[in-house]
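Please look over the two-chain model shown below before reading the notes.

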Amino acid sequence: MKINPKLKKDLKSFLLANIQKEQNRVLVMSADTLGSDEKKVLSKKFSDLNWNEADFQVDSSIIAGVIIKVGSKTIDLSLMGSLSKLSNTLYEID
Amino acid sequence: MKLIDEYIKTLEKELKNKPKISTEETGIVSQVKDGVVILEGLDRVAYGELIEFKKNVLGYVIDLTEDEVGAIILGDYTSIAAGDVARALGYTLSVPVSEGLLGRVVDSLGLPLDGKAAIKSKTLYPVEKIAAGVVKRQPVNVPLQTGIKSIDALIPIGRGQRELIIGDRGTGKTTIAIDTILNQKGEDVVCIYCAIGQKNSKVAAIVELLKKNGADKYSIVVSASAADSVAMQYLAPYTASAIGEFFMDKGQDVLVVYDDLTKHAWSYRQMSLILRRPAGREAYPGDVFYLHSRLLERACRIDKKYGGGSITALPIIETLDGDLSAYIPTNVISITDGQISLETDLFNSGIRPAINVGLSVSRVGGNAQTKAMKAVAGKLKLDLAQYRDLAAFSQFESELDEETKKFLNRGAKVTQILKQKKNRPLNLAEQVSILWAASNGYLDKLPIEEIEKFETKLLETLKLKGKKWLEKINKNKIMDERDGKDLEKMIKDIS
């Protein structure tokens with residue numbers, strides 16, 4: 001079966017774009033459900049991220065604050081994160 | 001109290017910092033294999049970068065495929081589970097280096113293994129480093145005395161050289177390397193013994209031996225034993241090299257023993273197979289040559305303009321049944337500047353060190369040999385070569401002419417005189433005196449059993465009566481006619 005190479009190329013780039021879109025989806029984890037004003041603050045602060053299709057998850061183990069994930073990048077603004085950093089610092093001072 | 005104040009201050013500083021908004025590269029563990037972890041994510045991680053898992057376990061990225069990252073685990077990998085988060089640290093693997101390393105036993109990450117205090121250091125040296133280039137180098141021309149007669153006379157090693165020690169198991173490879181370390185006492189050479197995949201009991205024995213002989217003051221042992229993960233075994237020689245570079249950059253001469261690179265190649269093979277890299281000959285990956293060439297290329301002698309200093313490498317390779325043409329042995333033979341070949345047959349027939357003089361060479365060491373040694377060694381080499389040629393014929397000893405008998409006799413005596421007990425290195429003057437006696441025919445009339453006795457007697461006499469002579473030779477490294485006459489007198493005294 002012959003496939004038009006142009007078609008193949010188009011399909012490939014379309015799929016790649018799709019994957020990229022999926023990868024660059026913003027995921028926000030918070031200790032509690034975020035209100036709309038809180039979401040607004042976040043989108044203002046990180047204006048370069050695409051907030052239209054953001055996912056919001058609730059994970060109480062982070063205690064407070066938020067963790068923002070885009071692809072393999074992570075921005076850790078949670079209390080749990082700072083605590084674990086602190087415990088590392090304590091370990092190093094020792 | 002001071003300590004607590006400092007502690008609180010640091011903590012306060014840490015707490016005062018406003019949460020910095022910083023992005024981190026993270027990934028999720030998808031597979032845990034023997035010492036190797038496969039991760040998803042970490043899209044922007046670099047080759048050789050360090051990643052951190054929970055509980056401060058570190059990983060070292062050595063495999064980047066289209067959508068996965070492979071990392072070797074530095075330490076205990078059993079605490080890592082699938083689904084764990086790992087974050088990239090943004091820097092490559094380095095080891096802390098300082099003068100405090102002397103006399104210590106450390107692992108592949110530079111952490112102490114001897115139960116003593118942590119090693120204080122302000123400098124970090126990268127474990128993987130491109131070797132010094134052509135411009136910075138200087139040819140090998142200063143000898144590194146091994147203290148072993150047969151090596152210093154026939155296969156001399158220079159500072160900055162890479163000399164392979166190759167042989168079957170139990171032929172005295174490690175002994176040669178350790179004797180060389182013992183002989184560096186007072187020579188201002190920093191010695192690093194790197195054990196790769198060795199038994200812990202063997203390493204303990206070596207540490208003990210170094211201590212007993214006072215060699216621990218200028219030695220460092222880097223050990224990744226057979227019980228450590230392959231990742232640690234893979235890294236150990238590079239760590240040893242990095243520590244060596246620290247001392248070399250200070251203008252010091254360094255001797256590094258890699259014991260042994262066969263096991264290093266095995267550990268790399270295991271890692272590569274787990275990472276599913278294509279296997280080549282003997283199931284080694286394609287870059288097993290580069291594995292050793294980039295390590296041994298780091299041995300060098302730096303030009304004085306660039307600070308001087310040198311790293312001499314003594315890699316060890318274990319062969320099976322004396323097979324020098326196996327894959328790893330041929331590779332390392334071609335990388336190094338010569339080899340010392342040890343043989344089981346010689347070892348069993350009592351010739352120790354069991355060096356096969358015919359198969360051993362030193363490609364650059366000749367320029368580094370001292371004049372005193374050159375004067376006696378030249379004749380010695382000729383005697384031995386002639387002996388080897390004739391020895392085969394002497395099997396059918398029916399009618400040999402006088403000349404042949406003389407050569408055979410001389411050869412046998414020279415072979416005897418090259419024997420040496422282990423852990424008893426000799427200094428230059430001592431070596432020169434014995435070899436001079438042999439090559440000038442003073443042993444020809446002695447029966448073979450008496451030769452060892454003669455040697456001890458000569459050394460005793462020299463120590464008692466010829467102290468000045470020894471000092472002079474050791475200092476000037478030249479032996480002129482008058483020295484020869486003085487020595488002749490002393491030899492005549494004892495016989």
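In chain B, 8 strands make up an open sheet of mixed pairing, in the order β8-β12-β11-β13-β14-β10-β15-β16, where strands are DSSP runs of E of at least two residues and helices are runs of H or I of at least four, both numbered from the N terminus, and where two strands pair if DSSP finds at least two bridges between them. At the edges stand β8 (105–106) and β16 (361–362) of chain B, each with a single partner strand, so one side of each is left without a neighbour in the sheet. This is a predicted model, in which local features need pLDDT of at least 70 and side-chain atom pairs count only at pLDDT 80 or more, whereas totals for chains, interfaces and linings use all residues. Residues are numbered from 1 along each chain as its sequence is written, and chains are lettered from A and ligands numbered from 1 in the order in which they are written.

- Chain B contains 15 helices and 16 strands, and its C-alpha trace spans about 90 × 55 × 45 Å along the principal axes.
- Of the 495 residues of chain B, 46% count as buried, a residue being buried if 20 or more other C-beta atoms lie within 10 Å of its own, exposed if 12 or fewer, and partly exposed in between, with C-beta atoms placed from the backbone.
- Among contacts in chain B between residues at least 6 apart in sequence, 72% join residues at least 24 apart, a contact being a pair of residues whose C-beta atoms, placed from the backbone, lie within 7 Å.

- Strands β10 (residues 164–167) and β15 (residues 338–342) of chain B pair in the parallel sense over 4 bridges, and B:Ile165 has B:Ile340 in β15(B) as its bridge partner.
- Beyond its neighbours within four places in sequence, B:Cys194 is in contact with residues including B:Val222, B:Ala236, B:Ala240, B:Val257 and B:Asp259.

**Domains of chain B**

- Chain B is divided into domain 1 (20–92), domain 2 (96–369) and domain 3 (372–494), with bounds that come from an automatic or database domain assignment.
- The centres of domain 1 and domain 2 of chain B, taken over C-alpha atoms, are 30 Å apart, and the contact takes 13 residues from domain 1 and 11 residues from domain 2.
- On the domain 1 side of this contact, β4 (58–64) and β5 (69–74) of chain B each supply at least two residues, and β5(B) provides the largest share, 4 residues.

**Contact between chains A and B**

- The contact between the chains takes 11 residues from chain A and 14 residues from chain B, and the largest share of the chain A side, 5 residues, comes from β4(A).
- β4(A) and strand β1 (residues 23–32) of chain B pair in the antiparallel sense over 3 bridges, with A:Thr74 opposite B:Glu24 in β1(B).
- Within chain A, 6 bridges join β3(A) to β4(A), which run antiparallel, and A:Val66 stands opposite A:Leu77 in β4(A).

**Backbone geometry**

- Most residues other than glycine have a negative phi, and most peptide bonds are trans.
- A cis peptide bond with omega about -10° joins B:Asp259 and B:Asp260, and B:Asp260 is found in the loop between β13 (253–259) and α6 (261–274) of chain B.
- The peptide bond from B:Arg352 to B:Pro353 is also cis, with omega near -5°.
- B:Leu42, not a glycine, has a positive phi of about 50°, and B:Leu42 counts as buried because it has 22 C-beta neighbours inside 10 Å.
- B:Glu282, likewise not a glycine, has a positive phi of about 50°, and B:Glu282 counts as exposed because it has 11 C-beta neighbours inside 10 Å.

How values were computed
Two residues are in contact if their C-beta atoms, placed from the backbone, lie within 7 Å.
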